[in-house]
Amino acid sequence: KTFNVAVVGATGAVGETMLSILAERKFPVGHLAVLASERSAGEQVTFGAKKLTVQDLATFDPAGIDIALFSAGGAVSKAYAPKFAAAGAVVIDNSSAFRYDDDVPLVVAEVNPEAMRDRPRGIVANPNCSTMQMLVALAPIHRQAGIVRINVATYQSVSGAGRSALEELGRQTAAMLNFQQHRPDRFPVQIAFNLIPHIDEFMDNGFTKEEMKMVWETRKILGDDSIQVNPTAVRVPVFYGHSEAVHIETRDKITAAEARALLERAPGVEVVDERTAGGYPTPVTHAAGTDAVYVGRIREDLSHPHGLNLWIVADNIRKGAALNAVQLAELLARDAA
Ligand code: A2P
């Protein structure tokens with residue numbers, strides 16, 4: 001059995017990776033429609049050995065599409081995902097448009113795949129990249145020892161803000177190395193050789209929306225509204241791969257050795273924790289271009305008897321977005337078989 005698939009946002013940083021992961025994992029694709037705005041209609045994108053022509057989403061007829069992977073921003077999802085669902089497709093949406101709706105499941109493939117089955121609106125939401133990688137690593141610990149509280153600081157690469165953000169970091173870095181000025185455009189201040197403690201918009205409580213996503217989504221995915229999450233989200237001048245310094249407090253004591261053993265068996269996780277120079281994951285040496293969530297620096301909190309510290313790194317475009325979306329499509333395909 002094959003599935004007719006649409007990729008919405010096919011020219012974007014996430015969309016093009018969705019196409020390459022569909023090809024890599026040999027997803028049973030029947031017809032494949034690649035969609036974007038009228039700006040790039042007529043351009044070509046790569047799917048395995050093939051070139052496909054981009055079509056304008058606004059004039060595309062979704063009839064016959066079985067699975068639609070959306071990654072073109074929240075406004076596009078809000079406007080078009082219901083139309084695809086009404087035409088009979090299951091929409092896997094990478095934007096935050098539907099994530100907090102009770103009748104839309106929010107699914108990490110390794111954590112809560114069973115939640116996929118109940119999708120009354122025909123829409124399944126793909127979580128935020130930072131929450132995604134954090135929960136692949138924390139869910140096994142939560143099941144074993146009960147996580148009560150999560151303190152997390154993120155170090156998020158620019159690719160999470162799309163292709164134009166990748167270009168801004170590149171151009172700005174080159175300009176500065178040539179003693180030239182480069183005015184910020186995609187970021188509010190200079191990103192080259194800098195850090196920015198601001199991702200997405202500010203909320204009334206002083207947190208940014210990116211930070212609140214980690215609070216809301218962690219509770220929804222783990223199905224536990226009592227978990228306390230205290231995040232700080234920071235943009236760093238890295239192209240691909242988000243890193244997180246994560247400090248958890250558990251109901252039951254779990255030692256660093258127990259946590260390491262648990263994580264070594266956890267699906268989607270690779271432990272890199274040698275306690276030597278280079279024996280820890282970084283975005284460049286481990287994560288970029290790969291599928292795993294890497295965990296290192298596992299150690300017990302000196303300041304809390306039930307505290308544990310971890311360093312979690314993953315490719316935000318792959319596991320944080322495109323790979324998980326394709327894994328969810330694979331779950332649909334398996335159920336339909
Ligand atoms: P386009 O190339 O036509 O602008 P990124 O996150 O890397 O910036 O990518 C965003 C993706 O979403 C691109 O593929 C972009 O297509 C697509 N997109 C943006 N706005 C729209 C729109 N109004 N309709 C369809 N696709 C859109």
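## Ligand shell

Sorted by class, the residues that make up the shell around the ligand comprise six nonpolar, nine polar and two charged residues. The structure described here is a predicted model, and in this model the ligand is surrounded by 17 residues, with Gly12, Ala36, Ser37, Ala72 and Gly162 being the closest. Two elements, helix 1 (13-24) and helix 4 (163-177), are those that give two or more residues to this shell.

## Domain division

The protein chain is divided into domain 1, which is made up of the segments 3-127 and 321-336, and domain 2, which covers 131-317. Between the C-alpha centres of domain 1 and domain 2 there is a distance of 25 Å.

## Contact between the domains

Where the two domains meet, 17 residues of domain 1 are in contact with 19 residues of domain 2. On the side of domain 1 that touches domain 2, at least two residues are supplied by helix 1 and at least two by helix 8 (318-336), and the largest share of that side, four residues, comes from helix 8. Considered by class, the side of domain 1 that touches domain 2 consists of ten nonpolar, five polar and two charged residues.

Technical notes:
Residues numbered from 1 in each chain as written. Predicted model: local features only at pLDDT ≥ 70, side-chain atom pairs only at ≥ 80, totals over all residues. Near = placed C-beta within 6 Å. Nonpolar A, V, L, I, M, F, W, Y, C, P; charged D, E, K, R; others polar. Domains from an automatic or database assignment. Contact = placed C-beta atoms within 7 Å.
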